[in-house]
Amino acid sequence: MKEKVLALIMRFRELWQNLSKKKKIWIIGGASALLLTILLLVLLTNVKQYAPLYSNLSTNEAGQITSTLDSKKVPYKLSAGGTTISVPANQVDQLKIELAAQGIPKTGQIDYSFFSQNAGFGMTDNQFNVLQRAAMQTELANLISNTQGVKSAKVMLTLPQNNVWVGGQSSGNAASASIMLNVAPGFQLTNEQISGLYHLVSKSVPNLPDNNIVIMDQYYNYYDLKSNNTGNSTLSTYNQQQQIVHDIENNIQRRVTQMLTLMMGQGKAVVNVTANVDFTQSKEKQDLVQPVNQQTMEGLQSSTQHIAETYTGQGAAGQVGTGTNAVPTYQGGTNGNGTYQKVQDQVNYVFNRIHRDVTNSPYKITDLGIQVMVEPPSPNNNNSLSQQRVNDVKQILNSIIQTSISDNQGQELPANVINQKTFITVGRLNGQMPQVNTQMNLWPYIIGGGLLLLIIGLVLWLIISRRRAAAAAEEEAMVQDIPQQPDLEISLENENPEQKKYSELEKMARQKPDQFVKLLRSWLSDEQ
C-alpha cells in the first residue's frame, strides 16, 4: 500500500512538473476560487435570518419575553429602542404558540376578566373604582383597535364621583374621555368611522356626552365630530370652512404620502400640506344672443318675403309736387310714356337667446404649498439618494400644485412660481421604527452556485485534457520503442543460434499456429 501511495505521489509530481506555467496558474486559481466559494457558501448557510416576533412592546413586556427566550436558549435581536424583538425566521410561529400558552407577553392591562379571576372580599370602594375604570379603558381600547386603519389605541377616562348621600348630586357634571389613535401610515378615517367612534365611546361610558370626547392620532391630527346643524350662524360657517380646508389638505397629503411610500419605502417620507381657500360666493345672470352659425355669424332663416312691382303707361295730368304720393319739388314732364319697377326681398333671421343664472363654486383653492421630508436609503448618507430621484419628486409635487390651484383664470402658473410652492429636504428621520427585512436574499447563493459550477467544469476539463495528453504521450512512447524492420533483422542476425531458433519458433507460433502444433507433435513422437 505504501509503494502505491509513493508511486501516485511520484506520478503526480512528474505530471505537475511537466505542466506549463500558464496551466499551473489556472489550476491554482481555480482551486483557490473553489475553496473561497465553498467557504462563502458555508458562511451564508450558517447565517440566521431573523424575523420580528413582537413589535411595539412596552419595556415590561420586552423584559418578560427576553427572559423567557434566554431560558429557552433562543437567540434574539432587539431593535427600535428595544420595542421590537426578532428571532430566527424558522422559529417565529412555534415561539408565538409557546409564549401564548404561557400567557406571555403580559400587558399589565386590567380588563373585566380580572374581576372573575380575583373576586373576593376585602376590596375597598376606591380600589374597585380604580379597577373598574382601568377595565373600561382597556375594553374601549380593544374595541377601537378593531376599526379599519387603526393599529392600536389608548383611552383615558375621567369619571365623576358619585355622592353617597341619598338624593345627592355627583361631584362632577359629566365624564370625559381622551383617546389617542395609532393610525396606519397614509390611512384617512372617514366621517362615518369618526362618528361611529364618538357614538361607541359615548354609549359605553355612563354620562359621557359627545362634546367631552377628544380623539387624536399619533400625528396630532384632531378628529372632530361634524355637526348636522345647517344654520347660517357665524360659528357654523367657520366650522364648515375649516373642515373643507382640513379635508383638502388631508386628501392631498394622503395621496402624496402613498406615492412617496411606493417610491421610497415605508416610513421614508413625511408630507405637510398647507392650502389657502377662498370662500367668496357670487351669482350672475346672463342674457346672451349668439348666432346659429358661428363661422358666418348668421342666424337661422325663419321667414322670407319677395315683393315685385311694375308699371307702364302715359304720364298723368296734374300739378307737380301735389297729390298723395307726389314728391315735392320734383320736376315732372307734361307728356310721354313711362315705366316703373320695384323689387324688394325681406328675410327674417332667428338667433340663439340664452338666459343663464350662474352660481360660482362655494370655494376655490387660491394657493397651495407642499413640504416633504425624505430619508435617503442610507440614513446617515444623504448622497445615497440620487439627485434624479429628488427631481422626480419635485416634478410630482409641481404637477399637483398646477392642477389644484383654480384661481388663475384658466391659465397655467409659471414654473418659477410653482417651484416656490414646493420644498423638499433630504435627511435622517429620527424616531421612526426601522423596518426588518424578513426576506431571504438569494443572490449570494445564486452567484456562489454559478461560480461553483464554473469551477467544477474547469477542473473536469483540465483533468480530461491531462488524461488525453498522457494517453497520447504513452502511445507515442510505445511507437518509438517498437524497433523498425531493418533494426529487427539486424538484431536477429546478431543473435546466437539458440536465441535465433527460439525467435523463429516464437514467430512461427504467432503467425502459423497450425504448423507450429504439427511441429510439436512430430517432436514429441520422435522423443517417444
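Which side chains meet in a salt bridge at 2.7 Å, N to O? They are those of Asp367 and Lys421, where a salt bridge is a side-chain nitrogen of Lys or Arg within 4 Å of a carboxyl oxygen of Asp or Glu. Welcome to a short tour of this protein. This is a predicted model, in which local features need pLDDT of at least 70, side-chain atom pairs count only at pLDDT 80 or more, and totals for chains, interfaces and linings use all residues. Residues are numbered from 1 along each chain as its sequence is written, and side-chain values use heavy atoms, with hydrogens and water left out.

**How confident is the prediction?**

- The mean pLDDT (the predictor's confidence in each residue, from 0 to 100) is 76 for the protein, and 77% of its residues reach 70 or more.
- Among the elements of the protein, strand E5 (residues 176-183) has the highest mean pLDDT, 91, while helix H12 (residues 485-494) has the lowest, 51.
- Residues 228-232 stay under 50 in pLDDT, and the model gives this stretch four contacts beyond four places in sequence; a contact means heavy atoms within 4.5 Å.
- For residues 433-440 the pLDDT is also below 50, and this stretch has 16 contacts in the model beyond near neighbours in sequence.

**The overall picture**

- The secondary structure comes to 14 helices and 13 strands; helices (H or I, at least four residues) and strands (E, at least two) are DSSP runs, numbered from the N terminus.
- The protein has 528 residues, and 20% of them count as buried; buried means under 20% relative accessible area, exposed over 50%, and partly exposed in between (1.4 Å probe, protein chains only).
- Take the contacts between residues at least 6 apart in sequence: 73% of them join residues at least 24 apart.
- About 38,700 Å² of accessible surface belongs to the protein, and carbon and sulfur atoms hold 53% of that surface; these areas come from the Shrake-Rupley method with a 1.4 Å probe, and for residues only the protein chains shown count as cover.

**Three salt bridges**

- The structure holds three salt bridges.
- In one of them, Glu98 pairs with Lys72, and their closest N and O atoms are 3.4 Å apart. This pair links distant parts of the chain, with Glu98 in helix H4 (residues 92-101) and Lys72 in helix H3 (residues 59-72), 26 residues apart. Glu98 counts as partly exposed at 27% relative accessibility, and Lys72 is partly exposed at 32%.
- Glu375 and Lys268 also form a salt bridge, at 3.1 Å from N to O. Glu375 lies in the loop between strand E12 (364-374) and helix H9 (387-404), and Lys268 lies in the loop between helix H8 (234-264) and strand E7 (269-278), so the pair ties together parts that are 107 residues apart in sequence. Glu375 counts as buried at 3% relative accessibility, and Lys268 counts as buried at 17%.
- Now back to the opening pair, Asp367 and Lys421. Asp367 lies in strand E12 and Lys421 in the loop between helix H10 (415-419) and strand E13 (422-426), so this bridge ties together parts that are 54 residues apart in sequence. Asp367 is partly exposed at 30% relative accessibility.

**A closer look at Lys421**

- Lys421 is buried, with a relative accessible area of 19%.
- Leaving aside neighbours within four places in sequence, Lys421 is in contact with Asp367, Leu368, Gly369, Ile370, Ile401 and Ile405.
- Lys421 and Thr274 are 147 residues apart in sequence, yet their C-alpha atoms are 9.8 Å apart in space.

**Helix H3**

- H3 has 14 residues and reaches 20 Å from its first C-alpha to its last. That is close to the 20 Å expected at 1.5 Å a residue, the expected span being 1.5 Å times one less than the number of residues.
- The buried residues in H3 include Glu61, Ala62, Gln64, Ile65, Thr66, Thr68 and Leu69.
- Those buried residues pack against strand E1 (50-54), strand E2 (77-79), strand E3 (84-88) and H4.
- Lys73 follows H3 and has a positive phi, near 55°.

**A nonpolar surface patch**

- Ile456, Val459, Leu460, Ile463 and Ile464 make a nonpolar surface patch of about 390 Å².
- Patches are made of residues with over 30% relative accessible area and no salt bridge: like charges are joined within 9 Å, and nonpolar side chains (Val, Leu, Ile, Met, Phe, Trp, Tyr) within 5 Å.
- Ile463 sits in helix H11 (residues 443-481) and counts as partly exposed, at 39% relative accessibility.
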